Amino acid sequence: MVMRQLAGRGVRDQRVLAAMRWAPREWFLPPHLARDAYNDAPLPIGSGQTISQPYVVALMTERLEPRRTHRILEIGTGSGYQTAILAYLAGNGKVFTVERLPDLLVEAEERFRRLGLTNIETRLGDGAAGWPEQGPFDGIIVAAAAPQVPEPLAAQLKPGGRLVIPVGDLASQELVILERSRNGEGLVRQQAGGVRFVPLISRLAFTEER
Ligand code: SAH
(Lines give C-alpha, C1' and ligand atoms only; values in the text may rest on other atoms or scores of the structure.)
Protein backbone atom coordinates (compact mmCIF):
# COMPACT_ATOMS: atom_id res chain seq x y z
CA MET A 1 0.00 0.00 0.00
CA VAL A 2 2.65 2.47 1.05
CA MET A 3 4.74 2.48 -2.09
CA ARG A 4 1.99 2.16 -4.67
CA GLN A 5 -0.81 4.23 -3.15
CA LEU A 6 1.12 6.83 -1.18
CA ALA A 7 4.64 7.37 -2.54
CA GLY A 8 3.28 6.77 -6.06
CA ARG A 9 0.82 9.63 -5.58
CA GLY A 10 3.39 12.11 -4.31
CA VAL A 11 3.72 11.56 -0.55
CA ARG A 12 7.44 12.22 -0.01
CA ASP A 13 8.02 12.59 3.75
CA GLN A 14 9.88 9.44 4.86
CA ARG A 15 8.65 9.82 8.44
CA VAL A 16 5.04 9.83 7.25
CA LEU A 17 5.64 6.80 5.01
CA ALA A 18 7.26 4.95 7.95
CA ALA A 19 4.27 5.73 10.18
CA MET A 20 1.85 4.50 7.50
CA ARG A 21 3.88 1.28 7.22
CA TRP A 22 3.75 0.82 10.99
CA ALA A 23 0.01 1.36 11.57
CA PRO A 24 -2.09 -1.85 11.31
CA ARG A 25 -5.14 -0.35 9.56
CA GLU A 26 -7.10 -3.61 9.90
CA TRP A 27 -7.19 -3.05 13.69
CA PHE A 28 -9.22 0.11 13.13
CA LEU A 29 -11.97 -1.54 11.09
CA PRO A 30 -15.02 -3.63 11.93
CA PRO A 31 -13.84 -7.30 11.61
CA HIS A 32 -15.86 -8.03 8.46
CA LEU A 33 -14.03 -5.23 6.60
CA ALA A 34 -10.51 -6.18 7.71
CA ARG A 35 -9.71 -7.73 4.35
CA ASP A 36 -10.28 -4.34 2.67
CA ALA A 37 -7.90 -2.57 5.07
CA TYR A 38 -5.18 -1.90 2.49
CA ASN A 39 -7.44 -0.68 -0.30
CA ASP A 40 -7.01 3.05 -0.72
CA ALA A 41 -10.62 3.88 0.16
CA PRO A 42 -12.61 5.30 3.05
CA LEU A 43 -14.65 2.58 4.83
CA PRO A 44 -17.62 2.62 7.23
CA ILE A 45 -16.75 2.33 10.96
CA GLY A 46 -20.28 2.52 12.42
CA SER A 47 -22.39 5.42 13.75
CA GLY A 48 -22.61 6.72 10.16
CA GLN A 49 -18.90 7.64 10.12
CA THR A 50 -15.95 6.57 8.01
CA ILE A 51 -12.26 5.84 8.45
CA SER A 52 -10.37 8.15 6.12
CA GLN A 53 -8.68 6.92 2.95
CA PRO A 54 -4.96 6.14 3.57
CA TYR A 55 -3.80 8.57 0.88
CA VAL A 56 -5.74 11.42 2.49
CA VAL A 57 -4.41 10.52 5.97
CA ALA A 58 -0.85 10.57 4.58
CA LEU A 59 -1.40 13.83 2.70
CA MET A 60 -2.90 15.61 5.72
CA THR A 61 -0.18 14.27 8.02
CA GLU A 62 2.54 15.44 5.64
CA ARG A 63 1.02 18.93 5.46
CA LEU A 64 0.73 19.10 9.26
CA GLU A 65 4.53 18.53 9.56
CA PRO A 66 4.40 16.76 12.95
CA ARG A 67 7.70 16.52 14.88
CA ARG A 68 8.75 14.23 17.73
CA THR A 69 8.10 16.75 20.50
CA HIS A 70 4.93 18.38 19.13
CA ARG A 71 1.66 18.89 20.95
CA ILE A 72 -1.03 18.10 18.40
CA LEU A 73 -4.79 18.53 18.53
CA GLU A 74 -7.00 16.27 16.41
CA ILE A 75 -10.73 16.86 15.90
CA GLY A 76 -12.78 13.78 14.93
CA THR A 77 -11.05 10.72 16.43
CA GLY A 78 -13.34 8.33 14.52
CA SER A 79 -11.60 4.95 14.42
CA GLY A 80 -8.41 6.40 15.90
CA TYR A 81 -6.31 5.51 12.82
CA GLN A 82 -5.10 9.06 12.16
CA THR A 83 -4.59 9.56 15.92
CA ALA A 84 -2.30 6.51 16.12
CA ILE A 85 -0.19 7.75 13.21
CA LEU A 86 0.17 11.17 14.85
CA ALA A 87 1.06 9.57 18.21
CA TYR A 88 3.78 7.52 16.50
CA LEU A 89 5.26 10.62 14.84
CA ALA A 90 5.02 12.81 17.97
CA GLY A 91 6.51 10.08 20.17
CA ASN A 92 7.97 12.46 22.76
CA GLY A 93 5.10 14.91 22.47
CA LYS A 94 1.39 14.42 22.90
CA VAL A 95 -1.75 14.03 20.82
CA PHE A 96 -5.03 15.44 22.13
CA THR A 97 -8.04 14.05 20.29
CA VAL A 98 -11.70 15.08 20.51
CA GLU A 99 -14.68 13.01 19.29
CA ARG A 100 -18.39 13.76 19.69
CA LEU A 101 -19.68 10.16 19.51
CA PRO A 102 -19.03 8.13 22.69
CA ASP A 103 -19.21 4.67 21.07
CA LEU A 104 -16.47 5.51 18.58
CA LEU A 105 -14.28 7.06 21.26
CA VAL A 106 -14.49 3.99 23.53
CA GLU A 107 -13.44 1.71 20.67
CA ALA A 108 -10.58 4.01 19.66
CA GLU A 109 -9.29 4.14 23.26
CA GLU A 110 -9.22 0.33 23.33
CA ARG A 111 -7.10 0.33 20.14
CA PHE A 112 -4.62 2.84 21.61
CA ARG A 113 -4.17 0.56 24.64
CA ARG A 114 -3.65 -2.45 22.41
CA LEU A 115 -0.98 -0.59 20.42
CA GLY A 116 0.75 0.56 23.62
CA LEU A 117 0.30 4.24 22.72
CA THR A 118 0.55 6.22 25.94
CA ASN A 119 0.93 9.75 24.54
CA ILE A 120 -2.74 10.24 23.60
CA GLU A 121 -5.37 12.11 25.61
CA THR A 122 -8.99 11.78 24.55
CA ARG A 123 -12.01 13.96 25.14
CA LEU A 124 -15.70 13.54 24.37
CA GLY A 125 -17.22 16.76 23.08
CA ASP A 126 -17.47 19.37 20.35
CA GLY A 127 -14.05 19.75 18.80
CA ALA A 128 -14.94 22.99 17.01
CA ALA A 129 -14.16 24.70 20.32
CA GLY A 130 -10.69 23.15 20.35
CA TRP A 131 -9.15 22.24 23.71
CA PRO A 132 -8.09 25.59 25.17
CA GLU A 133 -6.86 24.13 28.50
CA GLN A 134 -4.21 22.11 26.61
CA GLY A 135 -3.34 24.67 23.93
CA PRO A 136 -1.68 26.31 22.19
CA PHE A 137 -0.72 23.55 19.75
CA ASP A 138 2.08 23.00 17.22
CA GLY A 139 -0.44 21.39 14.91
CA ILE A 140 -4.22 20.99 14.63
CA ILE A 141 -5.86 18.51 12.25
CA VAL A 142 -9.58 18.24 11.57
CA ALA A 143 -11.09 15.08 10.04
CA ALA A 144 -14.53 16.54 9.27
CA ALA A 145 -15.52 19.34 6.90
CA ALA A 146 -16.52 22.77 8.17
CA PRO A 147 -18.13 25.58 6.14
CA GLN A 148 -15.35 27.87 7.43
CA VAL A 149 -12.30 27.52 9.65
CA PRO A 150 -13.62 27.59 13.25
CA GLU A 151 -12.08 30.65 14.85
CA PRO A 152 -11.26 28.92 18.21
CA LEU A 153 -9.02 26.46 16.35
CA ALA A 154 -7.00 29.17 14.60
CA ALA A 155 -6.71 30.93 17.97
CA GLN A 156 -5.13 27.82 19.57
CA LEU A 157 -2.19 27.64 17.12
CA LYS A 158 1.32 28.44 18.38
CA PRO A 159 3.49 30.82 16.34
CA GLY A 160 4.69 28.70 13.41
CA GLY A 161 1.87 26.19 14.09
CA ARG A 162 -0.22 24.64 11.32
CA LEU A 163 -3.93 23.85 11.03
CA VAL A 164 -5.07 21.33 8.39
CA ILE A 165 -8.83 21.24 7.74
CA PRO A 166 -11.28 20.39 4.96
CA VAL A 167 -13.42 23.45 4.24
CA GLY A 168 -16.64 23.39 2.24
CA ASP A 169 -20.09 21.84 2.05
CA LEU A 170 -21.18 18.26 1.36
CA ALA A 171 -20.75 18.63 -2.40
CA SER A 172 -17.37 20.33 -2.59
CA GLN A 173 -14.50 20.63 -0.10
CA GLU A 174 -10.97 21.92 -0.29
CA LEU A 175 -8.13 20.96 2.04
CA VAL A 176 -6.97 24.20 3.72
CA ILE A 177 -3.66 24.71 5.54
CA LEU A 178 -3.40 27.73 7.83
CA GLU A 179 0.00 28.61 9.26
CA ARG A 180 0.46 31.12 12.06
CA SER A 181 3.46 33.38 11.43
CA ARG A 182 6.59 33.08 13.58
CA ASN A 183 5.83 36.39 15.31
CA GLY A 184 2.35 35.06 16.08
CA GLU A 185 0.47 37.81 14.31
CA GLY A 186 -0.63 36.73 10.84
CA LEU A 187 -2.11 33.57 9.33
CA VAL A 188 -1.05 32.33 5.90
CA ARG A 189 -3.60 30.23 4.00
CA GLN A 190 -2.80 27.57 1.42
CA GLN A 191 -5.05 25.09 -0.38
CA ALA A 192 -4.11 21.51 -1.17
CA GLY A 193 -6.81 20.18 -3.47
CA GLY A 194 -10.27 18.67 -3.29
CA VAL A 195 -11.23 16.18 -0.56
CA ARG A 196 -14.40 14.54 0.74
CA PHE A 197 -15.16 14.30 4.46
CA VAL A 198 -18.20 13.83 6.66
CA PRO A 199 -19.45 17.16 8.05
CA LEU A 200 -18.17 18.67 11.29
CA ILE A 201 -21.26 18.74 13.49
CA SER A 202 -21.17 21.65 15.88
CA ARG A 203 -23.48 24.03 17.68
CA LEU A 204 -20.89 26.77 17.42
CA ALA A 205 -21.52 29.44 14.83
CA PHE A 206 -18.80 29.36 12.22
CA THR A 207 -17.05 32.63 11.71
CA GLU A 208 -14.02 33.04 9.47
CA GLU A 209 -10.67 33.34 11.22
CA ARG A 210 -9.11 36.81 11.43
N1 SAH B 1 -9.56 10.30 11.10
C2 SAH B 1 -10.74 9.51 11.39
C3 SAH B 1 -11.91 10.09 10.61
C4 SAH B 1 -13.21 9.91 11.25
S5 SAH B 1 -14.57 10.63 10.38
C6 SAH B 1 -10.47 8.08 10.96
O7 SAH B 1 -9.62 7.89 10.10
O8 SAH B 1 -11.09 7.16 11.48
C9 SAH B 1 -14.81 12.14 11.27
C10 SAH B 1 -15.14 12.04 12.72
O11 SAH B 1 -15.42 13.37 13.18
C12 SAH B 1 -16.39 11.23 13.04
O13 SAH B 1 -16.06 10.23 13.95
C14 SAH B 1 -17.36 12.24 13.65
O15 SAH B 1 -18.17 11.71 14.68
C16 SAH B 1 -16.40 13.29 14.20
N17 SAH B 1 -16.96 14.63 14.41
C18 SAH B 1 -17.85 15.32 13.66
N19 SAH B 1 -18.10 16.53 14.18
C20 SAH B 1 -17.35 16.62 15.33
C21 SAH B 1 -17.17 17.63 16.32
N22 SAH B 1 -17.80 18.80 16.27
N23 SAH B 1 -16.32 17.38 17.34
C24 SAH B 1 -15.66 16.19 17.43
N25 SAH B 1 -15.79 15.20 16.52
C26 SAH B 1 -16.62 15.41 15.48
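**Close-up views of a predicted model**

**View 1. Surroundings of Leu6.** Leu6 is in contact with Met1, Val11, Leu17, Met20, Pro54, Tyr55 and Ala58, when its neighbours within four places in sequence are left aside. The model shown in this and the following views is predicted.

**View 2. The largest nonpolar core.** This core comprises 46 residues, of which Leu6, Met20, Tyr81 and Ile85 touch the most other members. The greatest contribution, 7 residues, comes from α3.

View 3. A separate core of 21 residues is present, and Phe137, Val142, Ala154 and Leu163 are among its members.

View 4. A polar side-chain atom of Glu99 is positioned 2.6 Å from an oxygen atom of the ligand. Backbone atoms also take part: a polar backbone atom of Ser52 is 3.1 Å from an oxygen atom of the ligand, and a polar backbone atom of Ile201 is 2.7 Å from a nitrogen atom of the ligand.

**View 5. Gln156 in the loop between α6 and β7.** Gln156 is placed in the loop that lies between α6 (151-155) and β7 (157-168). Gln156 counts as buried because its relative accessibility is 9%, under the 20% limit. Not counting residues up to four places away in sequence, Gln156 touches Leu73, Ala129, Gly130, Trp131, Pro132, Pro136, Phe137 and Ile140. One of these residues, Phe137, is also included in the second core.

**View 6. Leu157 in strand β7.** Leu157 belongs to strand β7. With a relative accessibility of 3%, Leu157 therefore counts as buried. Residues up to four places away in sequence being excluded, Leu157 touches Pro136, Phe137, Ile140, Arg162, Leu163, Leu178, Arg180 and Leu187. Among these contacts of Leu157 are Phe137 and Leu163, both of which are included in the second core. Leu73 and Leu157 are 84 residues apart along the chain, and their C-alpha atoms are separated by 9.6 Å.

Key. Residues are numbered from 1 along each chain as its sequence is written. This is a predicted model: local features need pLDDT of at least 70, side-chain atom pairs count only at pLDDT 80 or more; totals for chains, interfaces and linings use all residues. Side-chain values use heavy atoms; hydrogens and water are left out. A nonpolar core is a set of buried Ala, Val, Leu, Ile, Met, Phe, Trp, Tyr and Cys residues joined through side-chain atoms within 4.5 Å. Buried means under 20% relative accessible area, exposed over 50%, partly exposed in between (1.4 Å probe, protein chains only). Helices (H or I, at least four residues) and strands (E, at least two) are DSSP runs, numbered from the N terminus. Contact means heavy atoms within 4.5 Å. A polar contact is a pair of N or O atoms within 3.5 Å; within protein, one must be able to donate a hydrogen and the other to accept it, and residues adjacent in sequence count only if both atoms are side-chain atoms.
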